Each structure stands twice: as structure tokens, then as C-alpha cells.
Amino acid sequence: MAGSPEAAEEAEQGPEPRAGVAVRRGKRTAPTAADPQPAKLSRAELYKPPTSEELTQLKETEDLFHSSLLRLQIEELLKEVTLKETKKKKIDAFLHEINSLLGAIPETPETELTDQAWLSKDVRVPFLQVPFNVKGRFHFVPPAELKVVGSYLLGTCIRPEINVDIAVTMPREIFQDKDNLNQRYHRKRALYLSHIAQHLSKEKLFGSVKFAYMDSNHLKPILLLRPQGKDEKMVTVRLHACPESGLFKPSRFYPSKNNVRTAWFMEQSAPKEGATEPPTPHYNNSILCDTVMLSHLHFLSNAATDFPGMKDGLALLKVWLNQRQLSKGLGCFSGFLVSMLVAYLLMKRKIVKMMSGYQVLRSTLQFLATTDLSVTGISLAKDADPSLPVLDDFHQAFEVVFVDPSGLVNLCADMTASKYHQVQFEAKRSMEILDDRMVDGFQVLLMTPKPMLRTFDHVFHLKHVSKLQGACKKMQLLNELMDRGGNYVAAALPFVVSLLARGLSQRAQLVAHSLPQIPEWPIDAEPPKHKDVGPLTFGLLFVPEFAASMLEKGPQADHPEALEFRTFWGEKSELRRFQDGSICEAVVWEASTVCQKRLIPEQIIRHLLKLHADIPESSICYTGALLESVIRTGKEAWGTGEEAMVSVVCSYDDLSRKLWNLKELPLTVTAVQGVHPALRYTDVFPPIPVKPIYSFHNRKKHLLLPSEEKPCPAYITPLKIICHMEGSGQWPQDKGAIKRIKAAFHLQLAELLRQQHQLVCRPAVTHTDVYKDGYVFRLQVAYHREPLILKEVVTPEGMLKYQDTEESRQLELETLHLPYLTSSLHGLQQQHPVFGSTSRLAKRWISAQLLSDSISEECVDLLVAFLFLHPAPFTPPSSPQVGFLRFLNLLATFDWKNNPLIVNLNTGLTGWSHKRPWDCLDSAKSWGGGDSYTQLLKLIYKKDSDCTEIKNKFVAARSRLPIMFLATPKDQWSSMWTRERPSAQILQRLVLLASESRRALEEQLMDPLSDQDVKMVFRPPLDFYDVLIHLNPNQIPRHLESVDRPVKSTSRGVVKNSSAMNILFPVVDYDPVQLYLQELRGAFDDLALFFYDKHGGEVIAVLWKPLSFQPQPFKVSSMKGRKVTTLNNELVCVPNVEAILEDFEILGEGLVRSVEAHTEKWTI
């Protein structure tokens, strides 16, 4: 076996010991004479100048890597994925044994190709023999030659999947003339492998002997051999049967030649007269690939000689492709293909042998990003042989063209243009990431997986690929079917994808498809059919500006293109007159709400596939917006609340203007700032305009109160607004007096709004509630110096000093930080229209897990903002569902213990300068010196960016900082939104829940044949808790917001109305469950934790604190909720659980339906 003995010889020498590896030692013993003594170095030796190699490394680190950390990370990754020498020895021994076994397989007598009775019943031919009848004779003769080919011999294979490819050369005598026709060669190849499989399956050496299709191509079965026992997963040896060189004339397999006769394929007795045979380029290519395996090995071997960077670069590129799911399946961008591409760049001098692995990675990505092989193909053939086909011939036959050194084989024959465009898109994105100093390029590019569900905005599945048979018929793809050996999936897929790409050309920047993959199968099983690839998945990456457009405008009616437009869109196309007077063909899609507009691509896809490919709607499973049902605001037609949010913001803007223009106020209003989540588009269920039904309430003077006989009235949320008054010398300097002045302002605001704008108001000491357009706004007056006055502390010596107090901190949060955050996120919503809906889904999920009281809304908003501001390696989400999946992934995978999460709102933080200092000097000098020149130099040479400074300070002060640390431009050091919550235990629980929810959800969404009940991740596991308090649904004001909506809804004493003026003020901010929770926490906080879903949950879950169940010494002062018992003749206190459970019911009388105790966890 060529190749293998040399590898074994290398392995025998063993790995060289690495310099600098620490050796573990026991206790230090006294040195003996034989022990090595510390070397005494002279001063000249201690301060030796760096070698040229070290200088090169330093220069490269400075020029190419953002930091030396990136270099170290890459080196560590390469160590991790490279095959170890000990494993190589084992693999070489396994290969030697295979070599001797293959030579000993006996010959068989010659039979007709269709007579396969000589084959054992325990082996099935790994080939779909349709049609079955074919001319030709076959007999088995042992291999003429065995050679290891591929990445193992080149040293470029990477873990965890080690594949060793062996080319088994079939002797010339088993072939006859015209074996190139009608799949004769392919069937002989399959029978050859079958006979090998039959004999090897009896050997105890192998743990498994199976068949598979090479890159899921039905024409190319291979035999997989794995060792016995614990080494079974160590390696997979793949046997490829190939012909001897010179067996076939290359000219028979040019892309324009036919080798599959129509009459044979259609099982007709004789060909039609005068019919020309269509070319079969894919069929021809599949045979040619087998003839050039060894020449490809020699070509890559020459390229890799004296080029250590190639090995490292290929390892990095393979990891990059694997993370993007591009390296497996029919038409994949395989490791072999990327190796040939690197060899091409070396040939074209775009890569030189001095380059490191990282430089090879960058150069290859740069080439992919800037070269479209579907338009301008490339060739490795050096000599321009005039008889060989030219690139244009290949372009006519294939979608993507990359010709091998022989000038005959297209290495990208099975790849669709769509898949190459996806590779190109990923390469462009990766280059942007590598050049972005704010991003950890290593983590993002090489360590972050990019499954379709998290990469694309919308995903849909073709459930029944067998429907593509009908598509081939409708699209008249008989020639393609013959070329692909009857594989209707491979034949129809390029046409289906280009159809969708044309229909979505304005809306989607990328239409991608999953790679058809067929799993390996036992040798005694029938080979998988074409339909066994399972559902095909398609991904859409939207252009946010146009994705939801309702209009598809076509050419003018009298233009020749109008007919083509009508043919493409079918009955949907109609003539319309536009405002500019033109009459054009157009398609208008029906959608009334924002969430329906997001699903216009679904309407387009269903329509086009039905019209042009005969694929029924029942075969399409569109999973783009399945999750949005949990944030629907009621009936289907109401949508997911975006319109309600816009209505709230419009009403708020109008109120702001009225406040600005109020007359007769002693001081003018300087700023009006909203702080409620609805005003930044992130309120889970935005308020809807309502008017109270008086008969449902008790009336007391001018007030409405909840009635005891009726269900709890609907929850009306007050929309909080901060109203800043101008500074003046008239403001007092005493905090008590300021509060009284603010109370007077609240009274005055209510009076003036009533007089000047006829608004119904209800003033209070701390705020004024205003009823406007069916909403209740809560105005809170703020004075800019009040936080400073609250910080004043008088020391015992009578000195006045300023320090943060709880009160001043809370006021600053409400009047300064929250308004800034709300306006920043409001701006983010204008840039990314699905930010609000994504945040609402995230909050709904957290609330459904009963954790909404354990993490602040602002914290969740910032986590979601991070996904839009720092989306790498993805693009910013353009659908709420993909945003939510990334949110779960962020929670589950971010290293909260060792890293701060930096959210760069309004790009207020700096990263490293994109230019190196010396690149900037020329532009600095052109400023002409002076102060500006000095300032620029300071900027250039500023060592630490804001982000670096935050990270350094975070590491230094980690133990004192919150467990979840969020840094923003206005809050770099304190993480104010997570200062008090979540606790370490809650964060740990959140991470676990997010990880499980993401896994379950992605399984559901990727399995179109399941029931796809996505709400399952919004139903929390309750067996984790010690006590469950079941509530009366009539007293839950937000019951309609629950994940599983009640079938019958109770009247809540309000009607939808936005025009009511003179009304009695409705009951505001009244939620009995929240009041009950406050009482429970106040009374039993030292004994238990309470969890609740504030959006209509019917259960309060209770978790006992473990420490509270430990017996404590008897003290009269600590008897609350406890009883006295004796332990070791001493009086001790233990929790009186029976009495506590009884208290739960008494405190919640009328609200609590029952209390369920899981007593198996503890004893009463």
C-alpha cells in the first residue's frame, strides 16, 4: 500500500518532546551528582537578540493579529484538531491489515451484469439499479493497486472525524468497450465494492462494515470500515473503487458529450428517429473524478511540500466550514475542495509558501469573498490544450466552475450557485469580522456554530421531497434526471432555488438550502432511495427595508417584459395605475398587520412553488413565525402588538407637546421623557385603549373601585413619564421641601391639563395620573439637583459630604438612566424593526419560567440589544424568532463568570484604532501641527480602548461585581441594571433553562413532520418546586395573557375605546396577585422564595430556603413561622410548615384556590 508504510515509519520515530512542557514533580529531593544543575548563563547569553524566526513571528503578530491572544488561541485550536502521533500508529497498523486482506479476496466467475445471484444474500448492491436491464458482463478480480489518498497522507485531516481514503484500483480486465454508457461503469464499481464488503464483513478485525454515498451522491457508493472495540470511533477507512489510468478516452467525457441514452433510461425499445441525445455533464464528471484521484494526490502533495502553513491553514478552513454546515452533503464545499483552492491560490501566487496558517485562512477567505465562481470559473490546468473543453463549456453545463489540473473535471459539479453564494457571503462576513477590532474574531469565526435556524431570518422545509418528482415533470427536467441517474432531488433543487431567488430578489439577500445528506447503511440493507434524504430546508436572509413590502411592481403594460412578468406571477399579476401616471403590471400581497407583512415571503414561496413546481402547500412547512403566537394580543386579526405600541407612542408624543405648551405654570417644562417599556417598543403586552364599565365597579364619589362580587377588573398599566422642570433659585435645598414642591406641581399639572386640554386627571403626592386616548399616563415631576441633595450627608464633625445613598441611587435610576435607556432603545427600534418583538419574546419566556421578578426588564432589553448591535458571526436579526433563538443561545453560552457583556449603545465606546499608528502619521502631519496634530497623536497612541479598559477593570474587581455584568457607554463600571438581581443561583437556573429550551425548540423547528408545539418551552417544569399555590382565575387580571389562553374569557369591566373624554377614572395598576406576593415575601422572606408568571400565571411556586430548615437555638425573637422541638435534649426551633401552608391560604382568601405541597422533598 503506497503511502502507508512511510507514515508508519514516521510514527515509529515517535513525537518529539515539546519545548517548555511542564513536568509534574513530587516532593523536592536533594540533588544528586547525576541530577542536572541549573545552567549558569553569561550576561551576553541572557540578553541574546531574537532570532529571525522570532522577529518574523513578532512582526506577523503585530501586523495581522489584533492581539497576541488571537495567535495563541489559533495555536491552541490547531493542537486540539491535529491528529496525535499515537493515533497515527494505530491507524497505520489498521491500514496494513486492510491491505493484506484486500489482496486475498478470491475471484468470481464472469456473469451478465444483471445476473447477481453469485452475490451473498447478506449483501445488497449499494446502487439504485433503475432501470434494471443493462448490457455488459462482470467478474471480480483482486485490486491491481491500493493507495492511500486524501487528507490523511497529506497530514491535513482534522479531528473529531478522521477519515482515511483508500483508492482501490479495479483491474482493466473487468471492463469492456462502451462501459462508459448507461451506468455500466457505476454498476460494476458497486458490484466490486459489494464483493469486497461480503468478504471483509466476516473478518473480526472490523467493528462495522457499511456502505455510504460519497458526499451523498447516488452514483458514488463507497465502503466504510471501522476497527473493532474501543477504537471504533478512532477512524473511518473509506474504500473508493476507481479504474486504471488510461482505461477510458477522456474525450468521451467532455461536458457536451452524452453517455446515457434516452431510450435506455426511459425503457423504450428503440430511440426516436431524429432525436438528439442531450449532454450528461454530471454523469461524465462522476466517472472522470475516479480517474484522477491519484493525480490529485500528487498535485496536492507538491503544493504542501515545504509549506507548513498550508497544513495549518487547511485545518482552520475546515473548522470554519464545519461550523457553517457547509462541508457535508451533496454539493458541499468539502475539505478536498478547499485544499484544491489553496493549491490554486499558491499556483497564482496569491499565497506563498512563507505564509502562516492564519495568513492562508485570510487569503482564502478574501479570494472567496471577491470571486464569484458561478460567473467566472477558475482552472488549475496549466497547459492550454486546444482539444480540451474551455471554461465557457463548463459554465454551460454547471452552475459553479472550478476545473482540476487535468482540465477535464469540474470539482464543483454538484454545487448549486445558491450554495456557492452562501459560501461567498460567509467569507465576506468573516473578513469584516477579522478586520473589526471590537469583535473577538477567534471565538466568533472558529468556535461559534451557525446552524440554519440561528443564521437565517426565516426557515421553511419541503416536508415530502418525493414531490420534487412532480416538479421535474412540471419543469420538464428529463435531461437533468438522466444526467443525475434519476435523482430528482439533485435535478430539481437548482431550479427550485433559482425560482425562489427570482421571486424574492428584492426582499432576500440570500436564499440558501440545506445540503441533501444520506446516512450510511448496513451492507445487508437496500440502498437508500432518493426520497430518503429527508426534508429539505431552505433559509432566507432578508433585506430589512424591502422584506415586508406589499407591492411587487413590474414593467409597464406595453413593454415586452410584461408578458414574462405575467407568466412568472400567474393570476396574481394585475394591471395597476400608479401615482406617477404609469400603468404597470403589479402583484399586491394581502397583509394588514406588521406580523402578517413579515410573512409575505411565505405567501410568495407557496404561490411560486405551486404555480411552477406543482408542490402543494401541504408539503411546505414554514417555520418563520411560529413563536409569535405567544405575544399575540388577542384575536388573530390584532397581530402581535406592534400597531398597539405605535398608537401608545403617538398618544405619548401628543401629551408631550401639550405638557411643553402648558400656560400658567410657575416653572416651564424642560424635558418630557418616557420610561415605560411600551415607549421603547418592548412591553410584552402593550396597553390597549379602554374605557371602564361603571356597573362592573363600586362607585365612591368620583372614583371607581373593584367590586367584591365581580371578577377582578382588567389590569390597566400606568405609562410612566418623567417631567423635568427648569432649575430656579426658588427651589428649596431641603429634600423634604422638594418633595412638597413636587406634590404641588403634580396638583397644578392635573388642574392645568383639565382646564386647557379637558383631560381627566387624578393627582397624588408622588405623581399625577392622566387618562388620554384610552391610556393612563403617570406623570412624575423631576428636579435635576434633587439626586445631589439626597447624597448630602453630615459627618459627626459637622462636615458636609456627598455619598451615594439608596434613595439617591433609585432617583437617578428613574429620572436619568431609565429615560436615556428608553430613548436609546427607541432609536434602536427605528434601525431594527424587530428589536421590540424579539425583546418581548425574551421577556415572555423569562416570565413563563416564573423568573420575571428575578431579573429586571431593562437587563433583558440590553441583552437583546446586544444581539442587534454585536451580531457577529451572524447578521442583525430580521425576524423575532431568530432573534429569540440567539437570545437563548447568548444566555446559555456566554461566559458570565469571566467576561463582561459590553453593549455599545449609540456606538459610545471605542475599540482599537483600525489603523496602525504609523499608517496614521502621514494624515496627522497633513493637519499642519499645532494642537489638533497633538490631539490626533494622543488618539493614535492611546493604548487601551474603552472595551479593553472595561475588561481589565472587570477582571481586577470581579469578586465585588454582580454575577451578570452589563456595561454600556453611560454605565461602564457599576452594571446598575443587574446590581441586585439576578443572583448566582437564578443565573445558573436561567442558563440551564435557556440551554434546554434552545435544544428543544431547535429540534421542534427542524422536524417538520412533528406537531411543532413550540409553546412547550414556555411551559415551566413545576416538579422542581416544594409548594404550589393554585390561584382563582377570576381574580387574575391578566389571565388572557397566559401562554395557553383560556377557552372562555371572563368579562373584566372594560370596553375598547380611545375617544372617551369625561369619564370616571378607571382602576389603575391593580393586580391582586402582585399584592399577595408582596405580603408573602414580607412575611416569609427568610423561609422561602416565591416565583410567579406575571402574565396570567395560575400558580405561585414556592421553594424553601435550605438553611431555614436547619434547627436553630430557641430564641423568643426568632419564633416567626417556627415551632419548638427538642433535639439532643436541647430546645430548638424548626419551621412550622403546616401553619405556614395554612397562612398561605388565609392571606390569599378569595384569591387562593388550593395549596399543593410536594412533601416527598421534606417532612412535615
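Q: In which loop does asparagine 182 lie?

A: The model is a predicted one. Asparagine 182 lies in the loop between strand β4 (163-170) and helix α7 (184-200).

Q: What is the phi of asparagine 182?

A: Most residues other than glycine have a negative phi. Asparagine 182 has a positive value, near 45°.

Q: Is asparagine 182 buried or exposed?

A: The relative accessibility of asparagine 182 is 7%, so the residue counts as buried, the limit for that class being under 20%.

Q: Where does glutamine 476 lie, and what is its phi?

A: Glutamine 476 is not a glycine, yet its phi is positive, at about 55°. Its place is the loop between α18 (467-474) and α19 (478-483).

Q: Is glutamine 476 buried or exposed?

A: Glutamine 476 has a relative accessible area of 70% and is therefore exposed, since that class begins over 50%.

Q: Where are proline 131 and proline 982 found?

A: Proline 131 is in the loop between β1 (111-112) and β2 (137-138). Proline 982 belongs to the loop between β29 (966-967) and α34 (984-1005).

Q: In which strand is valine 149 found, and is the residue buried or exposed?

A: Valine 149 is part of strand β3, which spans residues 145-149. Its relative accessible area is 5%, so valine 149 is buried.

Q: Which residues does valine 149 touch, not counting residues up to four places away in sequence?

A: With those neighbours set aside, valine 149 touches Asp165, Ala167, Met293, Leu294 and Leu297. A separation of another kind can also be read from C-alpha atoms: those of valine 149 and lysine 463 are 38 Å apart, and the two residues are separated by 314 residues along the chain.

Q: Which residues gather in a patch of positive charge on the surface?

A: The patch brings together Lys135, Lys178, Lys249, Arg252 and Arg261.

Q: Where is the place of arginine 252, and how accessible is the residue?

A: Arginine 252 sits in the loop between β7 (236-243) and α8 (262-265). Its relative accessibility is 34%, so arginine 252 counts as partly exposed.

How values were computed
Residues are numbered from 1 along each chain as its sequence is written. This is a predicted model: local features need pLDDT of at least 70, side-chain atom pairs count only at pLDDT 80 or more; totals for chains, interfaces and linings use all residues. Side-chain values use heavy atoms; hydrogens and water are left out. Helices (H or I, at least four residues) and strands (E, at least two) are DSSP runs, numbered from the N terminus. Buried means under 20% relative accessible area, exposed over 50%, partly exposed in between (1.4 Å probe, protein chains only). Contact means heavy atoms within 4.5 Å. Patches are made of residues with over 30% relative accessible area and no salt bridge: like charges are joined within 9 Å, nonpolar side chains (Val, Leu, Ile, Met, Phe, Trp, Tyr) within 5 Å. Accessible areas come from the Shrake-Rupley method with a 1.4 Å probe; for residues, only the protein chains shown count as cover. A salt bridge is a side-chain nitrogen of Lys or Arg within 4 Å of a carboxyl oxygen of Asp or Glu. Lys and Arg count as positive and Asp and Glu as negative; His and the chain ends are not counted. The place of a charge is taken as NZ of Lys, CZ of Arg, CG of Asp or CD of Glu.
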